Every structure is written in structure tokens, then in C-alpha cells.
Amino acid sequence: MITMTRVAKTGLALAIATVSGQVLANGLAINEQSASGMGTAFAGRSSSAQDASTVFGNPAGLSKLDRTEISGGFAVVNADVDIHDANSSSAQGTNKGDMVPLASVPFGYMSTPITDDLHFGLGVYVPFGVISDYEKSFQGRYKGLYSKVQVVTIQPTLSYKINDRLSVGIGPTINKIDGKLTNKLATNGLLGTEGDTKLNIKGDDTAVGYNVGVLVDVTDATTWGLTYHSKVDYTLEGHTGVTNAPSALGLNGKYDAKLDITMPESVDTSITHKLDDQWTLYGGATWTRWSRLEKIAVENQGVPALGQALGFGTLTEQLQWKDTWSYAIGAAYQLNPQWVLRTGLALDAAPTTNEHRNVRIPVGNRKIFSLGAGWSPNDEITIDVAYSYLRENEAPINQPDSTLQPSYSAKYRNSAHGIGTQLTYRF
């Protein structure tokens, strides 16, 4: 029965810890905050202030925008998951691999100059999010079945131009996180129970962080940028619901649950170099401190005495994630005054390892290739579009057997197509 409590704890905990890279980023993060940046695989995100989306990419970049502008759009991601060589100690079922629904990631920004040197910006975007929905007959359903988590961020921002070459910017982030996760336990026939136990977990919180950036025009042709996205401390509150558990255990019902978790900080740096009037080159790297996610612990309240004896009061999940670096290069070609063409390539390392990877985070190291274009029919309007193709290395999963969780092992091969579009209006 200890296994039941172990699995129950994964509900609220993993609902947050598995804000997985089922979109076009790895670990917890989503990259799709800008279609103009997506076209170069975000290679120049912290050094190229192309529009108001620089509120996220580098707050200091607002100093480059001389007019008031509004910019918004969304990205649509279609993921494909191939599950093969699946095996379980006793669970039977299917391995269709279609657990990632078509996902949409919206974003919106505005910027305006207050004085020649001081600029204000505002952004609303989704920095983290995932939805995975395995079929009910999934062979690994006792390790994970359904997850939906999203973080929505609002960021007011100020940028100040210190001199003609140096600008700084900072913006607090107000972050709302909420999630839902379901799980199954193999209790069919145990103590007269018909059907498996179902776990349903929900939780949410609002917390504050900040983004800060510096932008330097090293020469007239070369710009360097550095952006720091702070860690965000959450105290997630919600409930863990248990249904169809053996009645003799007295565990059916809802329990108040609390989880303290810290989303990691990251540092993004890039260089933008203008070769001539037509060609611009970009290069960048991002470091993320995923090692903050060593483990997560959920505190459940109101658990009956038997549940307390089984260790259901405070439950711990080991993650053992590691810090990662991602790299990107890109280029833009100004075809004519109306059209700019873009391309980029990124390498993105997974924070999880073969030892700790599970069905909720079946991600591996990945490569991303992007194409994009921007069309400006006049000085007031720009329409950006981008396409990205992602392909991961094979990611093995080997989750061990326990009393109510049959083992599950498989090999995942993930890929995804992403399309982004964005409209910018200046006045």
C-alpha cells in the first residue's frame, strides 16, 4: 500500500514539475514568445530588438523602438511521438503515441517612448506549459495518464538609454500557474475493488519574479545583449482526489495539498552582426539552472490515520535534473524594403537523464530548424510568419515495478512542427 501513497504524491508535484518540452523547447520552458524571433530559432533574442516582443527577449531593447507599437500573435505546435519497444511487468495496453494535442501558444506586447531615453513596455505571454493526454488504454497509464499545466505571465517593463551605445531594462513578472493531472493505480480485484483507482490532482498559485537586461552597441554593426530571467518561488495549493480505492483503506476523498517549488533562473546572451544592408547574422546561447529541481515534496492535509501511517502526509519525488546549455545561430536577408527572410538552427539539451526520465517527461536532446519571413507593406504594419521543425534523439524510459504500478519501459522518438504568426502595428 505504500506504493499507492507514492503514486498519489506524483499528482500535484508532477503537474508542476512536468511542464514538459512538448512544445518547441526543453524541460519546463516554452520558447514561442515571438514569431519574428522564431524565424531565426531565437538566435538573436537578447540582442535584436525587432519589435515589442523584446519585452521578453531583452527589456533593454525597448530603447531601440522609437514609436509606440503593439505586437501580438500565436504559435501552433503539432507534435508527433513514436513509442516503440514498449514492455511492462504485468500491464497490458496500447502505445499509440498521440498524447500531445494540437497546442496554441499566444503572446502580446506593447511599447511606447516616455522620453528620448526612457521607454515603457508591457507583455503578456506563456513561458511554461504542457498538455499530454494518453489514451485510456495506454500501457504506461500507471506511471502517468493526463497532464495539463500552464503559466501565464504579465510583465510591465522600463528601459533606459544610458548613452548612445548602452541601454538597460527591467520588468517585474507576475506569474499565474495552474495544473491538473490524472493517474491510475492497478487496484482492480484488490480487496474486492472493481476497476483501478483514479487520482485527480489540481493546484494553482501566483508568484512574482523579474527580467533584467543590458544591450550594448559594440560597434555600429554589432550589438551584444544579455538577459536574466529570475527564478520564481511558488507555493502551489490545491487538492489530491482519490476515487475507487479499496474501501478498507479509507483513502477515497479529497485532501488539501501544498507544494513549494522554485522555477529556475536562466541567462540568455546573443550577438547580432549586420554584415551589410542585406545580411544580418545572429548567434546566441542560453543557460538554465534546472538543477534547482532536485526533488519536489507535497504536503497533504486531512489524511486519515492509516494514510498517515503509510506515509501519505508528506511525500517526496526525486527528479535530479541537471543544468543545461542551448545554442542557436541564424541569419536574416533583406530581400527588399518590404520583405525580410530568416533562418536558424538550434541545439537544445534535455535536463532529464536516462535514469530519471518518465512517461510525463519523455524528452531527449533536440535539434530545431527554422524558417521565417517578415512583410512590411508600409511603415506602420509588419506581419511575421515562421516555421520550425524539431527532432529529438531517442529517449529511453525504464520505470521500475512496484505493488500498484507495473513497470513500464519504452523508447520515445519525438518530433514537432511549429507555425508562428505575428502582427505589429506602429503609430
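Student: Setting aside neighbours within four places in sequence, which residues is Leu62 in contact with?

Tutor: Contact means heavy atoms within 4.5 Å. By that rule Leu62 touches Thr54, Val55, Ser111, His119, Phe120, Gly121, Thr157 and Ser159. This is a predicted model: local features need pLDDT of at least 70, side-chain atom pairs count only at pLDDT 80 or more, and totals for chains, interfaces and linings use all residues. Residues are numbered from 1 along each chain as its sequence is written, and side-chain values use heavy atoms, with hydrogens and water left out.

Student: How far apart are Leu62 and Phe120 in sequence and in space?

Tutor: They are 58 residues apart in sequence. C-alpha to C-alpha, the distance is 7.3 Å.

Student: Where is Leu62 found, and is Leu62 buried or exposed?

Tutor: Helices (H or I, at least four residues) and strands (E, at least two) are DSSP runs, numbered from the N terminus. Leu62 is in the loop between α3 (54-57) and β1 (69-88). Buried means under 20% relative accessible area, exposed over 50%, partly exposed in between (1.4 Å probe, protein chains only). Leu62 has a relative accessible area of 1%, so Leu62 is buried.

Student: Now charge pairs. How many salt bridges are there?

Tutor: Side chains of opposite charge can pair when their charged atoms come close. The rule is a side-chain nitrogen of Lys or Arg within 4 Å of a carboxyl oxygen of Asp or Glu. The count here is twelve.

Student: Which parts of the chain does the pair Asp268 and Arg45 link?

Tutor: These side chains meet at 3.0 Å, N to O. Asp268 is in strand β10 (residues 266-274), while Arg45 is in the loop between α2 (35-38) and α3. The partners are 223 residues apart. Asp268 is buried at 5% relative accessibility, and Arg45 is buried at 17%.

Student: What about Arg165 and Asp220?

Tutor: Their salt bridge also has an N to O distance of 3.0 Å. Arg165 lies in the loop between β4 (146-161) and β5 (166-185), and Asp220 in the loop between β6 (197-217) and β7 (222-229), so the pair ties together parts 55 residues apart in sequence. Arg165 is partly exposed at 38%. Asp220 is exposed at 75%.

Student: How do Glu392 and Arg366 pair?

Tutor: They form a salt bridge, with the closest N and O atoms 1.9 Å apart. Glu392 lies in strand β17 and Arg366 in strand β16 (residues 366-375), so the pair ties together parts 26 residues apart in sequence. Glu392 is buried at 2% relative accessible area. Arg366 is buried at 2%.

Student: Which residues are linked in a network of salt bridges?

Tutor: Glu265, Arg289 and Arg292.

Student: Which residues form the nonpolar patch on the surface?

Tutor: Patches take residues with over 30% relative accessible area and no salt bridge; like charges are joined within 9 Å, nonpolar side chains (Val, Leu, Ile, Met, Phe, Trp, Tyr) within 5 Å. Leu335, Trp339, Leu341, Trp375, Ile383, Val385 and Leu423 form the patch, with about 580 Å² of accessible area together. Areas come from the Shrake-Rupley method with a 1.4 Å probe; for residues, only the protein chains shown count as cover. β15 (339-348) and β17 (381-392) each supply at least two of the residues. Leu335 lies in the loop between β14 (324-334) and β15, and is partly exposed at 45%.
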